Amino acid sequence: MDRRNIKPNSATYDLLIRYYLEGDNLESALCRLAEMNDLGYAPSIKVVGMMIDSVAEAGYARLALDIAEAYEQTTVRRLENETWVKLLVACADSLYVGGVERCWEKVVKDLHILLDEGLCQSVLHTAARHGLPTLASDAIRQLEAIGVKFGEQHLAPLLDAFVRNGQLKEAFRTLDLMRTSNIIPRLDTAKTIQQTIQRDPDTIDRAYGFLEELHKENQNVDVVATNVIIRACGFLNDLQRAVGIYKAMPSLGVRPSVETFNLLLTACRSAGHLELAERLFAEMRDAGLKPTEKTYASLISVILMQADYENAFFYLEEMKSAGLTPTYSTYEDIVKKCVAVGDSRFKLAVEELEQMGYQVTPGLRSYIDSEGQEWKDNVPFEEKLPFETRNRLKRRQPEASAV
C-alpha cells in the first residue's frame, strides 16, 4: 500500500488489528491502535471489544479500562454491555480498586445490569482489601437482588472493609448482623479486628468502648466481639485485661462461650497462672459448658509448668473419660516434663501417644534418648517451649507482619 501510495483507512486498521489479535500478537495490535488514534480513526465496536478482551485477559486490566474509556470519550458509539462486565471481572480479579469502582459505576448504576454471585464475590474481596464498605454494601444488595442465600463468605468481606476503613464499631455490628442472618460468625471471621486492635492496650480499650456504646444503644453485642478482644489481650500477654473483659461480659448482655474460656486458659498458660486457670475451668463447668480438647490441653499445660504436676494425669484421664482425644501437644508436654524430672511415667505416655495414632517426632525422641540434656544443650530456645506455645509464636509472626 505504501508503494502504491494508498492510504489505509479505518477498515484497513480493523483488519490489521484483528489479524494481530488472532495471532496473539498483542503488542503489534496496540501499536496499530495507537496509529489509528493519531490519524483520527476509531476502530469498530467489534474490534475494540476484541482488543479490550485481549488486553484484560493478558492481565492488563488498567490498560484495558483506559482503552474502553478513551473510546467512549472520543466517539459517539458505546461499547457492548458484555465488554463492560468483562472489564469489571478483570479489575476485580486483579484487585484493581480504581477500576472496580469505575466499572461498578458504569455496569451497575448506569447500565443497570444484575451481576452473578461470582463477580459480586470478587468485588467484595476488592472492597475488603481496600476498606470500601460502601462498595461492599452495594455488592451485597446485588446478591440480595438475584436471590442469593447469604453465607459467611458474603458478609465477612463487609466486616473487613469496615475494619480497614477505621469503622470498628460497624465491624462489631456486622458480627451481630451475621448471627441474625443465621450465619454463625467464627473467631477467625473477626481476624482483621484482632490484627487492628492488638497493637497496644489503648487500642484494645477503645475497641471495648465501642461494645459499651452498642449496648447502650440497645444493640446486641455478639460473643465473638468480646472473644476477639480477649484474644488480642492474649496476644499482648495482658492476662489481667483479658480477665477484666471476661468479667464485664454480663454487663454487655453477653454469655461467655466455650471459646471464651479456651482463650482465657490459653492466656493463663502463657502466664503460667495455675490458680486462675483452675478457677476459670470451674466457672466454665458451673456455666454448663463442656470442656473441649483445647480446654484440657491448655489446663494440663499450665499444670505441667508447676513443681507439683500430679493433676495433669488426673485431667488427662478425665478428658479421655469424656470421650475426648488428647492432642499430640498434650502428650508431648507430659513426656518432656516427666523426662526432665526423671519420672518414669513418660514411657506410659509415649505408649499411649502411639496408641492414639500419633508418631513420636524426631525432636521428642532425641529429647527422650538424651534424658533431655542433649536437647537442652543444642536446641534453640524457641524449641524448648511447650508445643502449643511454639505454634502460637509461629502464628504470631505472619500476624505481626500483616499489621
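This note takes up helix packing, the nonpolar core and a few individual residues in a predicted model.

1. Helix α3 (residues 45-57) and helix α5 (residues 81-93) pack at an angle of about 10 degrees, and their axes lie 10 Å apart; the two helices are therefore roughly parallel to each other, since angles under 35 degrees count as such. Their crossing is left-handed. On the α3 side the meeting residues are G49, I52, D53 and A56, and on the α5 side they are T83, K86, L87 and A90, a set that divides into four nonpolar, two polar and two charged residues.

2. Helix α7 (residues 117-130) packs against helix α8 (residues 133-145) at an angle of about 165 degrees, with the axes 9 Å apart, and this pair is therefore roughly antiparallel, the threshold for that description being an angle over 145 degrees. The crossing of α7 and α8 is left-handed. The contact draws on E117, C120, V123, L124 and A127 from α7, and on L135, A136, A139, I140, Q142 and L143 from α8; by class, these residues are nine nonpolar, one polar and one charged.

3. The largest nonpolar core contains 126 residues, among which F172, I193 and I229 touch the most other members. The element that gives the most to this core is helix α13 (residues 223-235), with eight residues. For F172, once neighbours within four places in sequence are left aside, the contacts are I193, A207, F210, L211, L214, A225, V228 and I229. As background, nonpolar side chains tend to be buried together in soluble globular proteins.

4. V258 belongs to helix α15 (residues 258-271). Is V258 buried, exposed or partly exposed? With a relative accessible area of 22%, V258 is partly exposed, because only values under 20% count as buried. Leaving aside neighbours within four places in sequence, V258 is in contact with M284, L289, K290, T292 and T295. K290 is 32 residues from V258 along the chain, yet the C-alpha atoms of these two residues are separated by 7.2 Å.

5. In helix α18 (residues 311-321), the buried residues are A312, F313, Y315, L316, E318 and M319, and E318 is thus a charged residue by class within that buried set. The elements covering the buried residues of α18 include α16 (274-286), α17 (293-304), α19 (328-341) and α20 (346-355). After α18 comes G323, whose phi is positive, near 85 degrees.

Key. Residues numbered from 1 in each chain as written. Predicted model: local features only at pLDDT ≥ 70, side-chain atom pairs only at ≥ 80, totals over all residues. Heavy atoms only, no water. Axes fitted to C-alpha atoms, helices over the stretch in contact; angles between N-to-C directions. Helix = DSSP H or I, 4+ residues; strand = E, 2+ residues; numbered from the N terminus. Parallel < 35°, antiparallel > 145°, perpendicular 65-115°, else oblique. Left-handed = near helix turned anticlockwise from the far one by under 90°. Contact = heavy atoms within 4.5 Å. Core = buried A, V, L, I, M, F, W, Y, C linked by side-chain atoms within 4.5 Å. Buried < 20%, exposed > 50% of the residue type's maximum accessible area, 1.4 Å probe, protein only.
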